[in-house]
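Me: I have a new structure open and would like to go through it slowly. Could you take me through it piece by piece?

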Amino acid sequence: MMNLLTRRGAKAVIVLLAALAVLALVAVACGGDDDDGASPTAEPTAAPTDAPTDDPTDAPTAAPTDAGDGDEITLDAATATITVDGDSSDWSDIEGVTVPMEQIEIPSGVDWDEPGPLDDIDVTLKMATDGGNLYALVEVPDDYDFDPADHNLSPSLAVMFLIDAAAGPHMGAEDEDLELGLGMVDIWHWELDCAAGLASGGGDPGSGDDPDCNLDDEFALDPEDREDDGGGDTANADAENSLVGVWTHTASADGPDAVGVWIFEMSRPLQTGDAEDAQFESGGTALMALAYFDPDETLEGWTDTGHLQSAESGWIEVRLP
Ligand SMILES: [Ca+2]
Ligand SMILES: [Ca+2]
Ligand SMILES: [Ca+2]
Ligand SMILES: [Ca+2]
């Protein structure tokens with residue numbers, strides 16, 4: 001009995017093993033398409049399928065953002081009275097906007113000096129008005145360099161506003177043709193000839209020139225045609241120049257090359273009656289752009305063409321309360 005049972009059992013086991021073997025073969029055969037093999041097979045299949053599907057989907061979405069003028073920058077100016085003293089604490093509750101800055105790519109065929117290379121930076125812009133004056137704060141993260149004897153070895157800042165509706169953000173021109181002026185822009189152009197904490201700006205009536213501290217009130221018709229108000233080809237007896245600014249640097253006490261933030265605080269009346277200035281009004285919109293000249297650009301300091309500028313983002317739209 002034992003033997004018989006064993007034999008029967010053995011036969012049953014053999015039958016069972018054979019059945020399992022067949023099942024296993026079937027499983028392997030099918031598995032190649034379905035299960036184990038499915039993952040390796042399906043994944044490579046899925047990947048190439050996904051990739052071409054995703055790429056064309058993502059590419060057109062990304063392309064307009066990248067290839068266009070960049071994201072539009074908008075900012076609501078605050079209602080505030082600001083003391084122009086280079087101390088930014090009166091701006092602490094005012095929201096600013098981050099403005100990316102990069103060097104101009106000088107197109108081939110344009111006869112401009114090749115600048116020294118500078119990394120892109122992000123600056124912070126805050127704007128405010130008290131109903132009579134416009135206030136601007138530009139904070140630039142950069143090391144401290146200041147040479148009172150050579151302003152090219154100190155930073156320089158330019159704040160620009162649209163005057164003529166067609167003017168482009170590259171000093172009146174658009175990206176496509178940097179030599180074609182499309183309208184007039186108003187420029188506050190500051191070369192640091194006075195020390196930190198001192199008031200810059202102002203000068204003789206009828207001129208935008210600030211002979212002492214070099215915060216000039218200017219205008220431009222194209223990137224190569226920049227003048228002090230009243231100093232252009234057309235006479236301008238109404239040239240108004242009450243622009244004022246004070247700069248400081250958060251690490252100036254630590255000496256040359258100290259890492260910190262430049263603080264440029266400026267103000268001007270909303271209305272100046274000067275055709276070579278942008279005119280602002282409560283409830284209106286100002287279109288502006290920024291430029292920063294870094295003295296570390298070359299051994300001789302910053303160059304005219306090497307400045308970091310915001311125009312790649314188009315005009316910055318500032319809504320006045
Ligand atoms: Ca202040
Ligand atoms: Ca620097
Ligand atoms: Ca002016
Ligand atoms: Ca001006």
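Me: What is the site of the calcium ion (ligand 2) like, going by the angles among its six donor atoms?

Reply: The site of the calcium ion (ligand 2) is irregular, with angles of 50 to 163° among its six donor atoms. Donors are N, O and S atoms within 2.8 Å of the metal (3.2 Å for Na, K and Ca), and water is not among the atoms, so sites may look incomplete. As for the geometry words, four donors count as tetrahedral if all angles lie between 85 and 135 degrees; four count as square planar and six as octahedral if opposite donors are over 155 degrees apart and all others between 65 and 115; anything else is irregular. Before we go on, please note that this is a predicted model, in which local features need pLDDT of at least 70 and side-chain atom pairs count only at pLDDT 80 or more, while totals for chains, interfaces and linings use all residues. Residues are numbered from 1 along each chain as its sequence is written, chains are lettered from A and ligands numbered from 1 in the order in which they are written, and side-chain values use heavy atoms, with hydrogens and water left out.

Me: OK, and which residues coordinate the calcium ion (ligand 2)?

Reply: Asp-142 (OD), Asp-142 (OD), Asp-143 (OD), Asp-294 (OD), Asp-294 (OD) and Asp-296 (OD) coordinate the calcium ion (ligand 2), at 2.4 to 2.8 Å. Asp-142 lies in the loop between β5 and β6, and Asp-294 in the loop between β12 and β13 (308–309), so the pair ties together parts that are 152 residues apart in sequence. The strand numbers come from DSSP runs, counted from the N terminus, where helices are H or I runs of at least four residues and strands are E runs of at least two.

Me: Is Asp-142 buried or exposed?

Reply: Asp-142 counts as buried because its relative accessibility is 12%, and Asp-294 counts as buried at 8%. Buried means under 20% relative accessible area, exposed over 50% and partly exposed in between, with a 1.4 Å probe and protein chains only.

Me: Next topic: what are the protein donors of the calcium ion (ligand 3)?

Reply: They are Asp-217 (OD), Asp-229 (OD), Glu-240 (O), Asp-274 (OD), Asp-277 (OD) and Asp-277 (OD), lying 2.1 to 2.5 Å from the calcium ion (ligand 3). The six donor atoms subtend angles of 55 to 177°, which makes this arrangement irregular.

Me: How far apart are the calcium ion (ligand 3) and the calcium ion (ligand 4)?

Reply: They are 3.8 Å apart, and Asp-217 coordinates both. The calcium ion (ligand 4) is coordinated by Asp-186 (OD), Asp-217 (OD), Glu-218 (O), Asp-229 (OD), Asp-229 (OD), Glu-276 (O) and Asp-277 (OD), at 2.2 to 2.6 Å. Asp-186 lies in strand β7 (residues 185–191) and Glu-276 in the loop between β11 and β12, so the pair ties together parts that are 90 residues apart in sequence. Asp-186 counts as buried at 0% relative accessibility, and Glu-276 is buried with a relative accessible area of 7%.

Me: I also clicked on Asn-236; where does it lie?

Reply: Asn-236 lies in the loop between β9 and β10, and it is buried, with a relative accessible area of 11%. The side chain of Asn-236 makes a polar contact with the side chain of Asp-274 at 2.9 Å, and the side chain of Asn-236 also reaches the backbone nitrogen of Ala-239 at 3.2 Å. A polar contact is a pair of N or O atoms within 3.5 Å; within protein, one must be able to donate a hydrogen and the other to accept it, and residues adjacent in sequence count only if both atoms are side-chain atoms.

Me: Now the strands: which residues are on the covered face of strand β14?

Reply: Ile-316 and Val-318 form the covered face of strand β14 (residues 316–319), while Glu-317 and Arg-319 form the uncovered one. In a regular strand the side chains alternate between the two faces of the sheet.

Me: In what sense do β12 and β14 pair?

Reply: β12 and β14 pair in the antiparallel sense over four bridges, with Thr-285 opposite Arg-319 in β14. Strand β1 (residues 74–76) and β14 pair in the parallel sense over three bridges, and Leu-75 stands opposite Val-318 in β14. Two strands pair if DSSP finds at least two bridges between them.

Me: Last one: which residues touch the most other members in the largest nonpolar core?

Reply: Of the 41 residues in that core, Leu-125, Met-127, Val-138, Phe-161, Phe-264 and Leu-290 touch the most other members. A nonpolar core is a set of buried Ala, Val, Leu, Ile, Met, Phe, Trp, Tyr and Cys residues joined through side-chain atoms within 4.5 Å. A second, separate core of 13 residues includes Ala-167, Met-171, Val-185 and Trp-315.
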